[in-house]
Amino acid sequence: MSLLTSIVNTVKEVVDVARTTAQGMSVTLSHIPTKKETVSYPEEAVTIYRRFRGEHFLDVNEDGKERCVSCFLCAAACPADAIYIEGAEDPRPYAERISMDHRYAKIYQIDYGRCILCGFCVDACPTDAINHGHNFEWAVYTPGEMVKDKEYLLGNKWREPDVEPTPAQRPLAAKQKMDKLNIVLK
Ligand code: SF4
Ligand code: SF4
């Protein structure tokens, strides 16, 4: 390769690098005058779409009875094998029962190390017991902490910003009290 060809190639490379750098910087600079989207959460509320699929909550009916009747349909529908349930019989009269029916979930766990938030469990549930909430605060230190139990999932309902307990639900909500999420639903 002649000296002249080498000089020409070097100049071409320098021009290419300068052009691509200028292109990249033009994108960066074009965003500087626009409105900032950063929010100091949790001190400031963040806006979340209603359709957002966050951590689940287990629901109770207006009498405070657990909606889950331990039918296992959600676990069967789950493609990630993330739901573990142990059911039990509760033959007592309605007023004394844990759930709406004579069966209830003695153990109900979701492993968020496995869950892919597909929503199949929500679609499969015949009693609307399992729902996607809007919680996205999932940071934990160990994999074991990603497994959430029934009490936690029941309490998640009261964290939703637009949920208030009925008079019959109030004792339950007080027992399961967790701070409301600082979010605005859109
Ligand atoms: S959202 Fe999907 S992956 Fe997660 S528990 Fe439900 S069915 Fe399983
Ligand atoms: S959450 Fe729904 S689908 Fe799952 S076991 Fe309970 S009642 Fe059945």
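# Close-up views of a predicted protein model

View 1. Strand β2 runs antiparallel to strand β5, which covers residues 130-135, and four bridges join the two.

**View 2. The protein chain as a whole, for orientation.** The protein chain contains five helices and seven strands. Read from the N terminus, its elements follow the order α-β-β-α-β-β-α-β-β-α-α-β. The radius of gyration is 26 Å, well over the 16 Å that the globule rule gives for 186 residues, so the protein chain is more spread out than a compact globule. Its C-alpha atoms fill a box of roughly 95 × 35 × 30 Å along the principal axes. Of the 186 residues, 19% are buried. Among contacts between residues at least 6 apart in sequence, 69% join residues at least 24 apart.

**View 3. The open sheet β3-β4-β6.** Three strands make up this open sheet, in the order β3-β4-β6, and their pairing is antiparallel. Strands β3 (83-89) and β6 (147-148) are the edge strands, each of which pairs on one side only. Strand β4, formed by residues 103-111, is joined to β6 by two bridges, and these two strands run antiparallel. Which residue of β6 is the bridge partner of Asp111? The partner is Val147.

**View 4. The largest nonpolar core.** In soluble globular proteins, nonpolar side chains tend to be buried together. The largest nonpolar core of this model has 21 residues, of which Leu58, Cys68, Cys74, Ile83, Cys121, Ile130 and Leu153 touch the most other members. Two or more residues come from each of β2 (55-58), β4 and α4 (150-155). The element that gives the most to this core is β4, with four residues. Cys68 belongs to the core, and its contacts can be followed through the sequence. With neighbours within four places in sequence left aside, Cys68 is in contact with Leu58, Ser99, Tyr104, Ala105, Tyr108, Thr127 and Ala129.

**View 5. The surroundings of ligand 2.** The shell around ligand 2 consists of 14 residues, with Cys68, Cys71, Cys74, Cys125 and Ala129 as the closest. By class, 12 of the shell residues are nonpolar, two are polar and none is charged.

**View 6. Backbone angles in two loops.** Most residues other than glycine have a negative phi, and most peptide bonds are trans. The bond that joins Tyr41 and Pro42 is a cis peptide bond, with an omega of about 5°. Pro42 is located in the loop between α1 (3-31) and β1 (46-48). Another loop, between β2 and α2 (73-77), holds Ser70. Although Ser70 is not a glycine, its phi is positive, at about 60°. Phe72 lies in the loop between β2 and α2 as well, and this residue, also not a glycine, has a positive phi of about 75°. Are Ser70 and Phe72 buried or partly exposed? Ser70 counts as buried because it has 22 C-beta neighbours inside 10 Å, where 20 or more are required. Phe72 has 13 such neighbours inside 10 Å and therefore counts as partly exposed.

**View 7. Ile48 in strand β1.** Strand β1 includes Ile48. With 17 other C-beta atoms within 10 Å, Ile48 is partly exposed. Apart from residues up to four places away in sequence, Ile48 touches His134, Ile183, Leu185 and Lys186. Between Ile48 and Asn61, the separation is 13 residues in sequence and 25 Å in space, taken from C-alpha to C-alpha.

How values were computed: Residues are numbered from 1 along each chain as its sequence is written. Chains are lettered from A and ligands numbered from 1 in the order in which they are written. This is a predicted model: local features need pLDDT of at least 70, side-chain atom pairs count only at pLDDT 80 or more; totals for chains, interfaces and linings use all residues. A residue is near a molecule or strand if its C-beta atom, placed from the backbone, lies within 6 Å of it. Ala, Val, Leu, Ile, Met, Phe, Trp, Tyr, Cys and Pro count as nonpolar, Asp, Glu, Lys and Arg as charged, and the others, Gly among them, as polar. Two strands pair if DSSP finds at least two bridges between them. The radius of gyration is taken over C-alpha atoms; the globule rule is 2.2 Å times the number of residues to the power 0.38. A residue is buried if 20 or more other C-beta atoms lie within 10 Å of its own, exposed if 12 or fewer, and partly exposed in between; C-beta atoms are placed from the backbone. Two residues are in contact if their C-beta atoms, placed from the backbone, lie within 7 Å. A nonpolar core is a set of buried Ala, Val, Leu, Ile, Met, Phe, Trp, Tyr and Cys residues joined through C-beta atoms within 7 Å.
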